[in-house]
Amino acid sequence: MVDNETISQIESNIKSVRQNCTDRSLYNAAMYLWLNGRHEKSREYVDRMLKLSPKSKDGTLLRGWIDLTSNKDAHVKKSIKYFEDVLTSGGDQYVGGSLGALIGKSRYLTLKSNFSNALDVISEAVVTFPKSTHALIEKVRLQIMLQEWENAMETCQRILTLEHDCIEAIHLRALHQLAIEGHHFTA
């Protein structure tokens with residue numbers, strides 16, 4: 001037998017909790033939903049978060065990534081605005097957000113087939129964050145897209161100097177050995 005009164009009470013409690021969420025709770029929920037592929041619901045939560053905390057760089061950056069990875073062109077086109085907002089907000093040291101925004105901007109430009117400008121943006125990220133393997137991996141991918149194989153292998157070597165067991169760099173070096181050098185055994 002279903003206890004309708006208890007169900008009603010639980011639903012009321014859930015509604016109350018949702019209405020009284022902190023901006024950080026909304027951010028975490030949006031991140032969780034985005035990582036689980038629920039873009040629309042994630043966008044809803046991050047928008048609520050940004051209403052509570054409109055200058056939040058974390059929320060703005062997350063909104064950019066949600067839109068960039070959306071299947072809707074209208075949302076993808078808007079994503080660049082959010083990355084630019086994080087990059088131009090300046091002021092304090094926002095290291096993680098700046099890196100995320102630079103990589104997001106580079107990915108946006110890559111989606112638009114603007115590989116040269118994407119490489120310029122990611123090069124800025126590499127200069128600003130020289131020990132970031134994330135930025136370096138993005139740079140290798142762009143160099144390969146531009147068929148700059150020699151530069152790509154130098155960047156892979158730089159990654160492996162920072163992180164000797166980086167799977168992505170090893171994978172990209174193996175790709176080079178197979179596709180360009182034709183060395184099937186050393187790959």
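User: Is Arg-43 buried or exposed, by its relative accessible area?
Analyst: This is a predicted model, where local features need pLDDT of at least 70, side-chain atom pairs count only at pLDDT 80 or more, and totals for chains, interfaces and linings use all residues. Residues are numbered from 1 along each chain as its sequence is written, and side-chain values use heavy atoms, without hydrogens or water. Buried means under 20% relative accessible area, exposed over 50%, and partly exposed in between (1.4 Å probe, protein chains only). Arg-43 has a relative accessible area of 5%, so the residue is buried.

User: Which residue meets Arg-43 in a salt bridge?
Analyst: A salt bridge puts a side-chain nitrogen of Lys or Arg within 4 Å of a carboxyl oxygen of Asp or Glu. Here the N to O distance is 2.8 Å, and the partner of Arg-43 is Asp-67.

User: What is the relative accessible area of Asp-67?
Analyst: Asp-67 is the salt-bridge partner of Arg-43. Asp-67 counts as buried, because its relative accessible area is 0%.

User: Which helix holds both Glu-44 and Lys-41?
Analyst: Their side chains meet in a salt bridge at 3.2 Å, N to O. Glu-44 is partly exposed at 42%, and Lys-41 is partly exposed at 30%. An α-helix has 3.6 residues a turn, so residues three or four places apart point the same way. Glu-44 and Lys-41 are three residues apart, about one turn, in helix H3.

User: Which helices does the pair Glu-84 and Lys-105 link?
Analyst: The two side chains meet in a salt bridge of 2.8 Å, N to O. The pair is 21 residues apart and links distant parts of the chain: Glu-84 in H5 (residues 73–88) and Lys-105 in H6 (residues 95–111).

User: How many salt bridges does a search of the whole structure find?
Analyst: Side chains of opposite charge can pair when their charged atoms come close. The search of the whole structure gives a count of twelve.

User: Which residues does Tyr-82 contact, leaving aside neighbours within four places in sequence?
Analyst: Tyr-82 lies in helix H5. Tyr-82 is buried, with a relative accessible area of 13%. Contact means heavy atoms within 4.5 Å. With those neighbours left aside, the partners of Tyr-82 are Thr-60, Arg-63, Gly-64 and Asp-67.

User: How far apart are the end C-alpha atoms of helix H8?
Analyst: The expected span of a helix is 1.5 Å times one less than its number of residues. H8 (residues 133–145) has 13 residues, so it should span 18 Å, and the distance between its end C-alpha atoms agrees: 18 Å.

User: How many of the 13 residues of H8 are buried?
Analyst: Among the buried residues are Ala-135, Leu-136 and Ile-144. H8 is largely enclosed by the rest of the structure, because the number of its residues that are buried is ten.

User: What separates the C-alpha atoms of Leu-142 and Phe-115?
Analyst: Leu-142 is in helix H8 and is buried at 2%. Leaving out residues up to four places away in sequence, Leu-142 touches several residues, including Phe-115 and Ile-122. Leu-142 and Phe-115 are 27 residues apart along the chain, yet their C-alpha atoms are separated by 6.6 Å.

How values were computed: Helices (H or I, at least four residues) and strands (E, at least two) are DSSP runs, numbered from the N terminus.
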